[in-house]
Amino acid sequence: MPSTLIVLVSWVSFWIRVEAAPARVALSVTSLLTLCTQIQTHRSQLPPLNYIIALDIWLFVCIFMVFATLVEFAISYNSFVIKRVDSSREEIGSAQSKTNETWMINIETSSQALPESPKGRCSSSCRDVTKIDFACRFIFPMSFTAFSIAYWVHYLTIYSRH
């Protein structure tokens, strides 16, 4: 149960804005470290074994899911930055052409026609990146639920045979 809750908490990052990188990374890394600590605690309480047990499989998948949220953020953030730079270049390019026309009309006011830096603004193309987060809000829970059902059906079937 605790490992499942940690995985669920790591998915909260899908609802945090892409621009809030420290919050998202901190949440994912903290979840990952908590799971690693949990694995270490379980291993210290069990006798040393040379083979994989069901608990190892469960905890490995939990770590994989939390690590995947961190990878998803890296992809989402990278796409966000690339689209933001591209949209900034487009805005500056169109503003410079307008500035050249204004400069020919009035030299004194041409410097005022330059746009402010688009830093802090996000055009419609930047908002498309949040589609990654939106999709992951459903993909991650559905895949973890599918794994959980398969895992418990498999191991409860084995348990009921003995």
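Helices here are DSSP runs of at least four residues and strands are runs of at least two.

**Figure 1. Overall fold of the predicted model****.** By that count the protein has five helices and zero strands. Read from the N terminus, the order of elements is α-α-α-α-α. The chain holds 162 residues, of which 28% count as buried. Among contacts with a separation of 6 or more, 79% are between residues 24 or more positions apart. The accessible surface amounts to about 11,000 Å², and carbon and sulfur atoms contribute 67% of that area.

**Figure 2. The two spans annotated as "transmembrane region" in UniProt****.** The unreviewed UniProt entry lists residues 51-75 and 134-153 under this term. In the model, residues 51-75 are 88% helix and 0% strand, with 35 Å between the end C-alpha atoms. Residues 134-153 are 100% helix and 0% strand, and their end C-alpha atoms lie 29 Å apart.

**Figure 3. The ring pair of F144 and F147****.** The whole structure contains 13 aromatic pairs. With a relative accessible area of 4%, F144 is buried.

**Figure 4. The ring pair of Y151 and Y155****.** These two tyrosines form a tilted aromatic pair, with 4.8 Å from centre to centre and 55 degrees between the planes. Y151 and Y155 are four residues apart in helix α5, so about one helical turn separates them. The two side chains fall into separate accessibility classes, because the limit for buried is under 20% relative accessible area. Y151, at 8% relative accessibility, counts as buried. Y155 has a relative accessible area of 26% and is partly exposed.

**Figure 5. The aromatic cluster that includes both pairs****.** Ring pairs join W11, W58, F144, F147, Y151, W152 and Y155 into a cluster. Buried members include F144, at 4% relative accessible area, and Y151, at 8%, whereas Y155 is partly exposed at 26%.

Notes
Residues are numbered from 1 along each chain as its sequence is written. This is a predicted model: local features need pLDDT of at least 70, side-chain atom pairs count only at pLDDT 80 or more; totals for chains, interfaces and linings use all residues. Side-chain values use heavy atoms; hydrogens and water are left out. UniProt positions are given in the numbering used here, feature names are shortened, and annotations may be inferred rather than shown by experiment. Rings of Phe, Tyr and Trp (its six-membered ring) pair if their centres lie within 6.5 Å; planes under 30 degrees apart count as stacked, over 60 as edge-to-face and the rest as tilted. Buried means under 20% relative accessible area, exposed over 50%, partly exposed in between (1.4 Å probe, protein chains only). Contact means heavy atoms within 4.5 Å. Accessible areas come from the Shrake-Rupley method with a 1.4 Å probe; for residues, only the protein chains shown count as cover.
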